[in-house]
Amino acid sequence: MVLYFSATGNTKLIAEKLAELLEDEAVNLLTRIKGKDFSSLHSDRPFLICSPVYVSELPSFIADFLKRVSLTGCRDVYGILTNGGFSGIAGAQMRRIIKQKSMKFKGYAEFKLPSNHITNKSHAEIDDAEITKRIEASLNKAENVANGIKGGGCFKNRHIFLLEYLVTVPVAPMLCYFNQGTEGFRVKESCISCGKCKKLCPMNVIAMEDGKPVWNIKRCAHCMSCIQNCPVEAIEYKDVTEGRARYTASKHVNKNDAK
Ligand SMILES: Cc1cc2nc3c(=O)[nH]c(=O)nc-3n(C[C@H](O)[C@H](O)[C@H](O)COP(=O)(O)O)c2cc1C
Ligand code: SF4
Ligand code: SF4
């Protein structure tokens, strides 16, 4: 069973591709995460847990969900991480959580895709050609990864040094604390009151008031789902996002027929 969360479609793309290659089921965890539904998920085949990487770690809401959900049946778990180039300690974090569930972690595979982190000032936009290149390379890599999983082997992962933990574990939450406030989000007149941003928010941060979104919890994971998926690009963040191209993988997959 392929379990995934995806804010802007990168992880969904890989999860669905792997499910197709493995002839297995892909399950979007959004509703369960939103509803804090930790009831059991059963699979007689290995679980694949597919997640984006945030600030060198697993998104906090995914780590929390994984700790609490009941996974029954097969005890083997593979991690699937999508990133913009660097997974940091996310794989090791997943390993620890899975071991605590008395399951067998069989390693993780990484997929480099376009970064969706549009609210980050240092976020570098990449052109369409590079986006297509990363998507195609990742879809090709999925075939090797699926073959490895079919063979039942473990993935070899790089050694994560203790120093990396010692730096990331205190620093990442600090960066999130200072950079992931919600007070910088605003909605423009062009909002058509469709409610998609509220529906997609994994942390239930968004409420609708007079048909417009309000961010009524002070911090969130900055997953980028609301700002990137708004159909009329009505959401902005501070002075950072105005004029920047919005990204979802599906725009590029459909355009380039990469699937
Ligand atoms: C808050 C945030 C932090 C991120 N941090 C990292 C990071 O540390 N390393 C990295 O390579 N990519 C990072 N990214 C990029 C995402 O991991 C990448 O674009 C991912 O594929 C998005 O997946 P999705 O489209 O399924 O949501 C970050 C993105 C966000 C929104
Ligand atoms: S997704 Fe965009 S258009 Fe729809 S309610 Fe949210 S801000 Fe408005
Ligand atoms: S408010 Fe937007 S960026 Fe923050 S968690 Fe919700 S959808 Fe993601």
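Two strands count as paired if DSSP finds at least two bridges between them; strands (E, at least two residues) and helices (H or I, at least four) are DSSP runs, numbered from the N terminus. This is a predicted model, in which local features need pLDDT of at least 70 and side-chain atom pairs count only at pLDDT 80 or more, while totals for chains, interfaces and linings use all residues. Residues are numbered from 1 along each chain as its sequence is written, chains are lettered from A and ligands numbered from 1 in the order in which they are written, and side-chain values use heavy atoms, with hydrogens and water left out.

**The sheet**

Start with the five strands of the open sheet, which follow the order S2-S1-S4-S6-S7 with parallel pairing. Select strand S2 (26–28) and strand S7 (104–112) to see the edges, where each strand pairs on one side only. From one strand to the next, the twist averages 20°; axes are lines fitted to C-alpha atoms, for helices over the stretch in contact, and angles run from 0 to 180 degrees between N-to-C directions.

Next, select residues 47–52 (strand S4) and residues 76–83 (strand S6): these strands run parallel and are joined by six bridges. Phenylalanine 47 has valine 77 in S6 as its bridge partner. In general, strands of a sheet pair through backbone hydrogen bonds, either parallel or antiparallel.

**Two loops with positive phi**

Go to lysine 36, in the loop between helix H2 (30–34) and strand S3 (41–43). Its phi is near 45°, a positive value in a residue other than glycine. Is lysine 36 buried or exposed? Lysine 36 counts as exposed because its relative accessibility is 56%; the cut-offs are under 20% relative accessible area for buried and over 50% for exposed, with partly exposed in between (1.4 Å probe, protein chains only).

Then select serine 102, in the loop between helix H4 (90–100) and S7. Serine 102 also has a positive phi, near 60°, and is not glycine. With a relative accessible area of 62%, serine 102 is exposed.

**Salt bridges**

How many salt bridges does the structure hold? There are 14, each defined as a side-chain nitrogen of Lys or Arg within 4 Å of a carboxyl oxygen of Asp or Glu.

Select aspartate 37 and arginine 32, whose salt bridge has its closest N and O atoms 4.0 Å apart. Aspartate 37 is partly exposed at 31% relative accessibility, whereas arginine 32 is buried at 16%.

Move to helix H3 (residues 60–68), where arginine 68 and aspartate 64 lie four residues apart, about one turn of the helix. Their side chains form a salt bridge of 3.5 Å, N to O. Arginine 68 is partly exposed at 47%, and aspartate 64 is partly exposed at 29%.

Glutamate 164 and arginine 158 come next, with a 2.9 Å salt bridge, N to O, between their side chains. Finally for this group, select Arg186, Lys188, Glu236, Glu242 and Arg246, which are linked in a salt-bridge network.

**A nonpolar patch**

Last, select Phe161, Leu162, Leu163, Leu166, Val167, Val171, Met174, Leu175, Tyr177 and Phe178, a nonpolar surface patch with about 1,100 Å² of accessible area together. Patch residues have over 30% relative accessible area and no salt bridge; like charges are joined within 9 Å, nonpolar side chains (Val, Leu, Ile, Met, Phe, Trp, Tyr) within 5 Å. Accessible areas come from the Shrake-Rupley method with a 1.4 Å probe, and for residues only the protein chains shown count as cover. Leucine 175 belongs to helix H6 (residues 162–179) and is partly exposed, at 41% relative accessible area.
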